[in-house]
Amino acid sequence: MQMNTRILRLNKAGIPLQWLNREEAATLVVKGLILWSLGDSAVTIRGGINRQGLRSVLNIPTIIATEGDIHYNDHHVPAVCNRLLFRRDRNTCMYCGDQVTSERLTRDHIVPRSRGGGESWTNLVAACRRCNQRKGNKTPEEANMPLLAVPFKPNKMEYLALSNRNILADQMDFLSSGFSKHMRPH
Ligand SMILES: [Zn+2]
(Lines give C-alpha, C1' and ligand atoms only; values in the text may rest on other atoms or scores of the structure.)
Protein backbone atom coordinates (compact mmCIF):
# COMPACT_ATOMS: atom_id res chain seq x y z
CA MET A 1 0.00 0.00 0.00
CA GLN A 2 1.33 3.42 -0.92
CA MET A 3 2.34 6.09 1.54
CA ASN A 4 -0.25 8.46 0.12
CA THR A 5 -3.17 6.09 0.64
CA ARG A 6 -5.96 7.96 2.34
CA ILE A 7 -8.75 6.84 4.61
CA LEU A 8 -12.36 7.52 3.73
CA ARG A 9 -14.23 8.97 6.68
CA LEU A 10 -17.99 8.49 6.99
CA ASN A 11 -20.39 9.84 9.57
CA LYS A 12 -22.29 7.34 11.66
CA ALA A 13 -25.10 7.20 9.12
CA GLY A 14 -22.58 6.03 6.52
CA ILE A 15 -22.46 9.29 4.56
CA PRO A 16 -18.94 9.93 3.21
CA LEU A 17 -17.46 13.15 4.58
CA GLN A 18 -13.81 13.49 3.68
CA TRP A 19 -10.43 11.92 3.05
CA LEU A 20 -8.08 11.64 5.99
CA ASN A 21 -4.34 11.19 5.94
CA ARG A 22 -2.76 8.50 8.12
CA GLU A 23 -2.10 10.79 11.05
CA GLU A 24 -5.63 12.18 11.12
CA ALA A 25 -7.06 8.65 10.97
CA ALA A 26 -4.67 7.38 13.65
CA THR A 27 -5.78 10.18 15.97
CA LEU A 28 -9.41 9.11 15.63
CA VAL A 29 -8.48 5.47 16.30
CA VAL A 30 -6.43 6.34 19.38
CA LYS A 31 -9.26 8.52 20.71
CA GLY A 32 -11.66 5.58 20.26
CA LEU A 33 -13.90 7.48 17.86
CA ILE A 34 -14.25 4.71 15.27
CA LEU A 35 -17.78 3.29 15.34
CA TRP A 36 -17.49 0.76 12.55
CA SER A 37 -15.50 0.15 9.44
CA LEU A 38 -15.73 -1.23 5.94
CA GLY A 39 -13.35 -2.31 3.24
CA ASP A 40 -11.08 -5.27 2.62
CA SER A 41 -7.83 -3.54 3.30
CA ALA A 42 -6.07 -1.69 6.08
CA VAL A 43 -3.37 0.92 6.37
CA THR A 44 -0.59 0.06 8.77
CA ILE A 45 0.96 2.79 10.85
CA ARG A 46 4.08 2.08 12.85
CA GLY A 47 4.42 4.06 16.03
CA GLY A 48 7.15 4.37 18.61
CA ILE A 49 8.86 1.64 20.68
CA ASN A 50 7.00 0.86 23.92
CA ARG A 51 8.43 -0.15 27.31
CA GLN A 52 8.53 -3.81 26.34
CA GLY A 53 10.73 -2.88 23.44
CA LEU A 54 8.02 -3.56 20.89
CA ARG A 55 7.10 -1.22 18.13
CA SER A 56 3.42 -0.31 18.25
CA VAL A 57 1.48 -1.02 15.10
CA LEU A 58 -1.90 0.42 14.25
CA ASN A 59 -4.01 -1.16 11.53
CA ILE A 60 -6.57 1.30 10.25
CA PRO A 61 -9.40 0.13 7.98
CA THR A 62 -9.61 2.09 4.73
CA ILE A 63 -13.23 3.15 5.32
CA ILE A 64 -14.19 4.28 8.83
CA ALA A 65 -17.37 5.65 10.37
CA THR A 66 -16.78 8.02 13.24
CA GLU A 67 -18.34 10.00 16.04
CA GLY A 68 -17.37 13.60 16.33
CA ASP A 69 -18.49 17.00 15.25
CA ILE A 70 -18.95 17.76 11.62
CA HIS A 71 -18.35 21.42 10.99
CA TYR A 72 -19.65 21.65 7.49
CA ASN A 73 -22.51 20.59 5.34
CA ASP A 74 -22.26 16.87 4.54
CA HIS A 75 -23.36 17.38 0.98
CA HIS A 76 -21.27 20.41 0.20
CA VAL A 77 -19.28 20.22 -3.04
CA PRO A 78 -16.64 22.95 -3.39
CA ALA A 79 -16.42 25.41 -6.24
CA VAL A 80 -14.81 24.42 -9.51
CA CYS A 81 -11.03 24.12 -9.73
CA ASN A 82 -9.18 23.18 -12.90
CA ARG A 83 -7.69 20.02 -11.43
CA LEU A 84 -11.08 18.45 -10.71
CA LEU A 85 -12.76 19.96 -13.77
CA PHE A 86 -10.18 18.34 -16.06
CA ARG A 87 -10.49 15.07 -14.19
CA ARG A 88 -14.28 15.18 -14.51
CA ASP A 89 -13.85 15.60 -18.27
CA ARG A 90 -11.19 12.82 -18.36
CA ASN A 91 -8.56 15.24 -19.69
CA THR A 92 -10.53 15.39 -22.90
CA CYS A 93 -11.39 18.49 -24.90
CA MET A 94 -15.19 18.56 -24.79
CA TYR A 95 -15.31 20.01 -28.32
CA CYS A 96 -12.88 17.99 -30.46
CA GLY A 97 -12.40 14.96 -28.22
CA ASP A 98 -8.61 15.19 -28.07
CA GLN A 99 -7.14 13.80 -24.88
CA VAL A 100 -4.29 16.02 -23.72
CA THR A 101 -2.27 16.64 -20.57
CA SER A 102 -3.63 19.06 -17.97
CA GLU A 103 -0.97 21.63 -18.89
CA ARG A 104 -2.41 21.83 -22.39
CA LEU A 105 -6.05 22.04 -21.35
CA THR A 106 -7.97 25.21 -20.66
CA ARG A 107 -11.17 26.01 -18.83
CA ASP A 108 -13.84 27.01 -21.34
CA HIS A 109 -16.97 28.94 -20.40
CA ILE A 110 -19.80 27.39 -22.40
CA VAL A 111 -21.75 30.64 -22.21
CA PRO A 112 -18.88 33.17 -22.36
CA ARG A 113 -18.19 35.26 -19.29
CA SER A 114 -18.74 38.47 -21.25
CA ARG A 115 -22.27 37.28 -21.92
CA GLY A 116 -23.15 36.40 -18.37
CA GLY A 117 -21.83 32.84 -18.20
CA GLY A 118 -20.77 31.91 -14.68
CA GLU A 119 -18.03 29.90 -13.01
CA SER A 120 -20.26 26.95 -12.29
CA TRP A 121 -19.63 23.23 -12.80
CA THR A 122 -22.35 23.23 -15.46
CA ASN A 123 -20.99 26.21 -17.42
CA LEU A 124 -17.38 25.04 -17.53
CA VAL A 125 -15.72 22.32 -19.57
CA ALA A 126 -12.20 21.26 -20.41
CA ALA A 127 -11.12 22.44 -23.86
CA CYS A 128 -7.87 22.35 -25.80
CA ARG A 129 -6.35 25.75 -26.57
CA ARG A 130 -7.21 25.50 -30.24
CA CYS A 131 -10.91 24.86 -29.61
CA ASN A 132 -11.08 27.47 -26.87
CA GLN A 133 -9.65 30.06 -29.26
CA ARG A 134 -11.82 28.98 -32.14
CA LYS A 135 -14.96 29.17 -30.03
CA GLY A 136 -13.96 32.61 -28.77
CA ASN A 137 -16.87 34.72 -27.59
CA LYS A 138 -19.59 32.47 -28.93
CA THR A 139 -21.90 29.84 -27.54
CA PRO A 140 -21.43 26.26 -28.82
CA GLU A 141 -24.47 26.70 -31.08
CA GLU A 142 -23.17 29.94 -32.60
CA ALA A 143 -19.72 28.45 -33.11
CA ASN A 144 -21.20 25.23 -34.45
CA MET A 145 -19.13 23.31 -31.91
CA PRO A 146 -21.46 20.93 -30.09
CA LEU A 147 -20.37 19.59 -26.70
CA LEU A 148 -19.40 15.94 -26.59
CA ALA A 149 -20.85 15.43 -23.10
CA VAL A 150 -23.19 17.24 -20.75
CA PRO A 151 -21.18 19.05 -18.06
CA PHE A 152 -22.36 18.10 -14.58
CA LYS A 153 -21.85 19.20 -11.03
CA PRO A 154 -20.36 16.24 -9.14
CA ASN A 155 -22.33 15.03 -6.16
CA LYS A 156 -20.46 14.46 -2.91
CA MET A 157 -19.53 10.85 -3.73
CA GLU A 158 -18.31 11.85 -7.18
CA TYR A 159 -16.40 14.79 -5.76
CA LEU A 160 -14.59 12.55 -3.27
CA ALA A 161 -13.74 10.09 -6.04
CA LEU A 162 -12.41 12.87 -8.29
CA SER A 163 -10.36 14.44 -5.54
CA ASN A 164 -8.25 11.39 -4.64
CA ARG A 165 -5.76 10.03 -7.15
CA ASN A 166 -4.78 7.08 -4.98
CA ILE A 167 -8.20 5.68 -4.33
CA LEU A 168 -8.35 1.97 -3.43
CA ALA A 169 -10.68 -0.55 -5.06
CA ASP A 170 -12.84 -1.00 -1.94
CA GLN A 171 -13.13 2.76 -1.47
CA MET A 172 -14.11 3.20 -5.13
CA ASP A 173 -16.69 0.42 -4.80
CA PHE A 174 -18.22 2.21 -1.86
CA LEU A 175 -18.30 5.64 -3.50
CA SER A 176 -19.45 4.45 -6.91
CA SER A 177 -22.72 3.22 -5.41
CA GLY A 178 -23.59 6.92 -5.17
CA PHE A 179 -22.46 7.95 -8.65
CA SER A 180 -24.89 9.46 -11.12
CA LYS A 181 -25.05 8.14 -14.65
CA HIS A 182 -22.43 10.72 -15.70
CA MET A 183 -19.66 9.12 -13.68
CA ARG A 184 -20.44 5.45 -14.19
CA PRO A 185 -17.79 3.61 -16.16
CA HIS A 186 -18.76 3.19 -19.80
ZN1 LIG B 1 -10.31 20.68 -28.85
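Arg 6 lies in the segment before strand S1. Helices (H or I, at least four residues) and strands (E, at least two) are DSSP runs, numbered from the N terminus. The model is a predicted one: local features need pLDDT of at least 70, side-chain atom pairs count only at pLDDT 80 or more, and totals for chains, interfaces and linings use all residues. Residue numbers start from 1 along each chain as its sequence is written.

Arg 6 counts as buried because it has 23 C-beta neighbours inside 10 Å. Here a residue is buried if 20 or more other C-beta atoms lie within 10 Å of its own, exposed if 12 or fewer, and partly exposed in between, with C-beta atoms placed from the backbone. Neighbours within four places in sequence aside, Arg 6 is in contact with Trp 19, Leu 20, Asn 21, Asn 164 and Asn 166. Contact means that the C-beta atoms of two residues, placed from the backbone, lie within 7 Å. Arg 6 and Thr 92 are 86 residues apart in sequence. Their C-alpha atoms are 27 Å apart in space.

The protein chain holds six helices and six strands. From the N terminus on, its elements run β-β-α-β-β-α-β-β-α-α-α-α. The radius of gyration is 21 Å, well over the 16 Å that the globule rule gives for 186 residues, so the chain is more spread out than a compact globule. This radius is taken over C-alpha atoms, and the rule is 2.2 Å times the number of residues to the power 0.38. Along the principal axes, the C-alpha atoms fill a box of roughly 75 × 30 × 30 Å. Of the 186 residues, 23% count as buried. Among contacts between residues at least 6 apart in sequence, 61% join residues at least 24 apart.

The chain is divided into domain 1 (7–75 + 162–176) and domain 2 (82–143). These bounds come from an automatic or database domain assignment. The C-alpha centres of the two domains lie 36 Å apart.

Strand S1 pairs with two partners. Two strands pair if DSSP finds at least two bridges between them. S1 and S2 run antiparallel and are joined by four bridges. Leu 8 has Trp 19 of S2 as its bridge partner. The hairpin of S1 and S2 has five residues between the strands, and Gly 14 in this hairpin takes a positive phi near 90 degrees. S1 and S4 run parallel, with three bridges between them. Here Leu 10 is bridged to Ala 65 of S4. In a regular strand the side chains alternate between the two faces of the sheet. In S1, Ile 7 and Arg 9 point one way, Leu 8 and Leu 10 the other way, and all are buried.

The largest nonpolar core has 15 residues, of which Ile 7, Leu 8, Leu 10, Ile 63, Ile 64, Leu 160 and Leu 175 touch the most other members. Strand S1 (7–10), strand S4 (55–66), helix H5 and helix H6 (169–176) each give two or more residues to this core. A second, separate core of 13 residues includes Met 94, Ala 126, Ala 127 and Cys 131. A nonpolar core is a set of buried Ala, Val, Leu, Ile, Met, Phe, Trp, Tyr and Cys residues joined through C-beta atoms within 7 Å. Leaving aside neighbours within four places in sequence, Ile 64 is in contact with Ile 7, Arg 9, Leu 10, Ala 25, Leu 28, Ile 34 and Ser 37.

In helix H6, Gln 171, Phe 174 and Leu 175 are buried. They lie on the same side of H6 because they cover an arc of only 95 degrees around the axis. The arc is that of the directions from the helix axis to the C-beta atoms. The cover over these buried residues includes S1, strand S2 (16–20), strand S3 (34–49), S4 and H5. Asp 173 is also found in H6. With 13 other C-beta atoms within 10 Å, Asp 173 is partly exposed. Asp 173 and Gly 39 are 134 residues apart in sequence and 9.1 Å apart in space, C-alpha to C-alpha.

Most residues other than glycine have a negative phi. Asn 91 has a positive phi, near 55 degrees. This residue sits in the loop between helix H2 (82–88) and strand S5 (105–109). Asn 91 is partly exposed, with 15 other C-beta atoms within 10 Å. Asn 144 also has a positive phi, of about 55 degrees. The loop that holds Asn 144 runs between helix H4 (140–143) and helix H5 (156–162). Asn 144 counts as exposed because it has 8 C-beta neighbours inside 10 Å.
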